[in-house]
Amino acid sequence: MASSANNSSVGKWEVVRKGKKQSGVAKSQPDKKSGGGGRKALSESNLLRVDAYPAVKMSETIFEGFEKIGKKLNKEQVPPPAEVQQKKPNAGKQNKKSPSNSSSKQNHYKSLEEAVKALDVMDLKQQLEKSQALFPENPCVWVKDLAGYLNSKLIAPDTDPTLSSYAHDYPYCLAGKELRSIVKNILGKSTDALKDFFDHCIFTMLRELDKQAGEPLHGYRMCIQAVMMNKPKVATLNLSEHLELLRSHQNRPAKCLSIMWALGQAGFYDLSQGVRVWLGIMLPVLGVKTLSAYAIAYLERLLSFHANLTKGFGVMGPKEFFPLLDFAYMPKNALSTSLQDQLRRLYPRLKVLAFGGKPESTLHTYFPSFLSRATPNCPDAMKKELLNSLTECLSVDAQSLGVWRQLYTKHLTQSSLLLNHLLNSWTKLSPKLRNNLQETIQSFRVTNEEIRATANSEDIQDCNAVCSSLQMKIRCQGFPWSRLLMAMLVFAAGFIAHDLRSHRTFAGSTTALYLERTGVTAVSQQAWRKVSYYSQQGISWLAEITPYYYSLAVEALGPLLDTALEKLKVAAVFVAQKSSEFILLVQENTPLLIEWINANTPESVFQFLEFVKELMLFVHQSFILPTLQYFITVMQHGWQSLQDSCNGEVSLHCMQNHVMAFTNSTWIYLQDTTTALRSWAQELLSRA
């Protein structure tokens, strides 16, 4: 354009314009060569300030290398004459469009399923092989090429950044076996670069969201899920920095939800990592209206996905648990009513996660925060939960009583509330807690006397009254009638058994004579005769009326039973048809399921199963078989000893003799013990 302008102008204006243009061109050429790197660095520094988080420095891909070479060649070209330069822009546009139309033409699909089916897996494999050949020692380039290729080919509508209406492993679940194998292979070779690759995917997604017509993010989502499937711990390596990144984009909900979705994928493969992500990323933004719904929905999905919570123990402590308690029960907080109810439904499972696998040694650390919140003015639902939790702490962890004694003077009002709760639920408390409370309540009464002059008199009076009532409960726990009755029954049964054994028959026993003297035998015989008589009368009456009523029942219920039988037959046929269809479906899909399991199950699982198999064989051969052989030998020796004691033949008479001998020895032992106890008691009384 400068040359054409110079040709069309005349006079001095032409000379001045020409000189300026030449000087300008002369100055611009070295500036471009020498200052290009500085301008690029300046733009990158500005980008870092906007993102508020250092971008991951990834190695250049093949395509970026080619692009830089092309730009360098364009800068070094000599400007052509004016006439040629006027024709060049159109030609340049044509040349620019032709490679894009021929080689990198993007197809837009109606759904992601169609895009995945249309993906050329062999082309992807070839591109990755080229990348590995050109950069054999730079796995960052390989995984970046993988993500760029997938994202450029999977052009389908992408509207929901959280994919909440799909399965937890969508969109990676759409990938076929061959594509999964390629992705798994390239990620396996790039283990050391997975952390940087994960951050690269997140930052690239954020940059695409900045664009008005940005590309869909399906390829980067699939790569993130593949990384989380192999190494879920990658998501929790830089949680603090990711939280800063999330807060820097807090006014852009789509970006925040994309970050939360990416980090949350770790929880579906490792519960402990999912809990860490939720506590470190989603709990701090739980009060943000645009993010709270997804945070609670993700928590619900995570806890329902993992039925066994033991793998999440040890992650959550009092520092993380009590903000959740406040969000769930405190009114007028940042959560809406529906979200608060949803979080309250999840609270019991969160409580299990917080208390962990050994609550008997950890609950005393939760006791102070529970106690400080249990004020008379807190909501009823929260008060009930706090008092139940405090009671659980006292029942399970004995150290909670010591913590309560230390906090008693600072929390008199809360302690009075807890003491009243213990008094009202005294019958529901465990015997262990009832016994442990005695010393604590006595120390409270001593403390009340010491601080009577300084503390609030009303609180002191309330605590004293409740402590007195609890001490009365402890001292008057009632007579153990059930134990006494059980002891009397056992003693009576033993006496009767010994009496029958001594006299050989019931008629000659002392028990029978005593029953005859008291008239119990006559009354029982008379009652037995009456019961026998009326039983015979009832049986004869039933024998007479049963045929008549049976015929009436057949006439009335026969047609109904026939109709029901026909309907049962029809239902059986229907169930059989549906069962056959289901069986056929199972037969068709079982090989696919087995193939999917074989493709997605790590090799370490099969090695572990083989190890378990060898361990079971070792235990069977080394422990179970010798133990069985030992028991068989012992039983044979026992049977042989029994035969020898019975003169070679085990009979009923011999077994009776053995039982009699055993009972005689037991009775003699009891008599000797009773005599010794009586002599000891008489000796004590004589000394007194």
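Helices, taken as DSSP runs of H or I with at least four residues, are numbered from the N terminus, and by this assignment Phe-606 lies in helix 26 (residues 603-645). The model is predicted, so that local features need pLDDT of at least 70 and side-chain atom pairs count only at pLDDT 80 or more, whereas totals for chains, interfaces and linings use all residues. Residues are numbered from 1 along each chain as its sequence is written, and side-chain values use heavy atoms, with hydrogens and water left out.

Phe-606 is partly exposed at 33% relative accessibility, a class between buried (under 20% relative accessible area) and exposed (over 50%), computed with a 1.4 Å probe and protein chains only. Phe-606 also belongs to a nonpolar surface patch, whose members include Phe-608, Leu-615 and Leu-628 and which together have about 1000 Å² of accessible area; such patches join nonpolar side chains (Val, Leu, Ile, Met, Phe, Trp, Tyr) within 5 Å, from residues with over 30% relative accessible area and no salt bridge.

Salt bridges, defined by a side-chain nitrogen of Lys or Arg within 4 Å of a carboxyl oxygen of Asp or Glu, number ten. One of them joins the side chains of Lys-351 and Glu-392 at 3.6 Å, N to O; because Lys-351 lies in helix 16 (residues 337-355) and Glu-392 in helix 18, this pair ties together parts that are 41 residues apart in sequence. Lys-351 is buried at 13% relative accessibility, while Glu-392 is partly exposed at 30%. Asp-210, Arg-252 and Lys-255 are linked in a network of salt bridges.

How values were computed
Patches are made of residues with over 30% relative accessible area and no salt bridge: like charges are joined within 9 Å, nonpolar side chains (Val, Leu, Ile, Met, Phe, Trp, Tyr) within 5 Å. Accessible areas come from the Shrake-Rupley method with a 1.4 Å probe; for residues, only the protein chains shown count as cover. Helices (H or I, at least four residues) and strands (E, at least two) are DSSP runs, numbered from the N terminus.
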